[in-house]
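This report describes a single chain fold in terms of its sheet, helices and nonpolar cores. The sequence and model come next.

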Amino acid sequence: MSRYPEVSEAIEDIVNETIVIDEEGNIVELNLDDLKVSEGLKKKIIDAFEEILTKLEFSTIGHEIFKNWYIDGKVLYQIILDEKDIKKGIYELRYIDPRKVKKIKNVKKEMVNGGVEIVKEVEEYYLYNDKGISYTSSSGVRLSKDSVVYCHSGIVDGNNGMVQSYLH
């Protein structure tokens, strides 16, 4: 639907009204005024936030990031660490097309005395397939749950539990 010219123009208007640069050149900032922690910890949080914005290239492509999130209803990034020096933290945040990934949750249950079923183990991961994901396919690359950052719109279809976008 976003490819129709009238809809595309409306989306651009929404994105342009949402992503605004202030006098200092900032698109977004973190306000920790009400957080009751030491100033040193606040500084560390702000520094980490700034580093993430830099890795996302938010000042350059924040418009596109928001537009994709608005249209798709979700945004995903793979967290890449430097395996030679894990202590350096996040090396790269790599965008993942939401049409090419799905979250898998395997629940292993066990019957106990009296026929009661208990959850023995829960395995969660993301399945990525460069050719796209159908909800019946199970082929692709496994990405651990904590190696993917996932943010959705918060709008969920009450009938099937699927995440919807604001455009939907």
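In which loop is Asp97 found? Asp97 sits in the loop between β2 and β3 (101–112); strands (E, at least two residues) and helices (H or I, at least four) are DSSP runs numbered from the N terminus. The model is predicted, so local features need pLDDT of at least 70 and side-chain atom pairs count only at pLDDT 80 or more, while totals for chains, interfaces and linings use all residues. Residues are numbered from 1 along each chain as its sequence is written, and side-chain values use heavy atoms, with hydrogens and water left out.

Asp97 is buried, at a relative accessible area of 15% (buried means under 20%, exposed over 50%, partly exposed in between, with a 1.4 Å probe and protein chains only). Its side chain makes a polar contact with the side chain of Arg99 at 2.7 Å. Such a contact is a pair of N or O atoms within 3.5 Å; within protein, one must be able to donate a hydrogen and the other to accept it, and residues adjacent in sequence count only if both atoms are side-chain atoms. The C-alpha atoms of Asp97 and Glu117 are separated by 37 Å, at 20 residues apart along the chain.

β2 belongs to an open sheet of three strands, ordered β2-β1-β6 with antiparallel pairing (two strands pair if DSSP finds at least two bridges between them). β2 (90–96) and β6 (148–152) are at the edges with a single partner strand each, so one side of each has no neighbour in the sheet. β1 and β6 are joined by five bridges, and Leu76 stands opposite Tyr150 in β6. Across β1, β2 and β6 lies α3, running at about 130 degrees to β1 (axes are lines fitted to C-alpha atoms, for helices over the stretch in contact, that is, with heavy atoms within 4.5 Å; angles run from 0 to 180 degrees between N-to-C directions).

The largest nonpolar core has 14 residues; a core is a set of buried Ala, Val, Leu, Ile, Met, Phe, Trp, Tyr and Cys residues joined through side-chain atoms within 4.5 Å.

α3 gives the most, with five residues. Phe66 is among the residues with the most contacts inside this core; not counting residues up to four places away in sequence, Phe66 touches Val15, Thr18 and Ile19.
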